[in-house]
Amino acid sequence: MIKQSFIINCNVLTKKPFILLKGFLVCSMQEYIIDVMAIEELQMTHNTDALDVIFQRAKSTIVNGEQVQLIRKQNMGVTPVNEFTTLQDLENYRQSVYTYL
């Protein structure tokens with residue numbers, strides 16, 4: 001289970017402030033950042049409700065003209081994995097996530 005925590009910090013990738021909410025980074029500027037490890041945890045627990053919320057927020061972000069970034073947090077820091085700027089790219093990723101449920 002993902003522990004709920006609120007941390008205000010600075011995004012290493014974009015240098016913008018963000019808030020960490022339940023394992024997901026929500027930037028103060030409309031940008032949305034998703035931690036791949038949190039997605040993998042939700043896949044293992046088959047938590048489709050939480051995944052639906054994440055992808056709905058990501059979709060809203062793209063519709064509003066901003067980007068969605070996929071990252072992986074590790075001991076060495078944050079590694080960018082992918083970036084989505086179109087709904088089709090996001091939908092392809094969403095389908096790949098739901099394939100493993």
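Phe84 touches Ile62, Gln67, Val68, Leu70, Asp89, Leu90 and Tyr93, leaving aside residues up to four places away in sequence, where touching, or contact, means heavy atoms within 4.5 Å. This is a predicted model, in which local features need pLDDT of at least 70 and side-chain atom pairs count only at pLDDT 80 or more, while totals for chains, interfaces and linings use all residues. Residues are numbered from 1 along each chain as its sequence is written, and side-chain values use heavy atoms, with hydrogens and water left out.

Phe84 also belongs to the largest nonpolar core, which has 16 residues and in which Ile34, Ile39, Val68, Phe84 and Tyr93 touch the most other members. Such a core is a set of buried Ala, Val, Leu, Ile, Met, Phe, Trp, Tyr and Cys residues joined through side-chain atoms within 4.5 Å; buried means under 20% relative accessible area, exposed over 50%, and partly exposed in between, with a 1.4 Å probe and protein chains only. Two or more residues come to this core from each of β4, α1 (36-44), α2 (48-63), β5 and α3 (87-99), and α2 gives the most, with five residues.

Strands pair if DSSP finds at least two bridges between them. By that criterion β4 (residues 32-35) runs parallel to β5 (residues 68-74), joined by four bridges, and Ile34 has Leu70 as its bridge partner in β5. On β5 there is also an antiparallel pairing with β6 (residues 77-84), over seven bridges; a hairpin of two residues links β5 to β6, and Gln74 is bridged to Gly77 in β6.

Leu90, Tyr93 and Val97 are the buried residues of α3. They cover an arc of only 65° around the axis, and therefore lie on the same side of α3, the arc being that of the directions from the helix axis to the C-beta atoms. An α-helix has 3.6 residues a turn, so residues three or four places apart point the same way. The cover over the buried residues of α3 includes α1, α2, β5 and β6, whereas the face turned away from the buried side carries the exposed residues Gln88 and Thr99.
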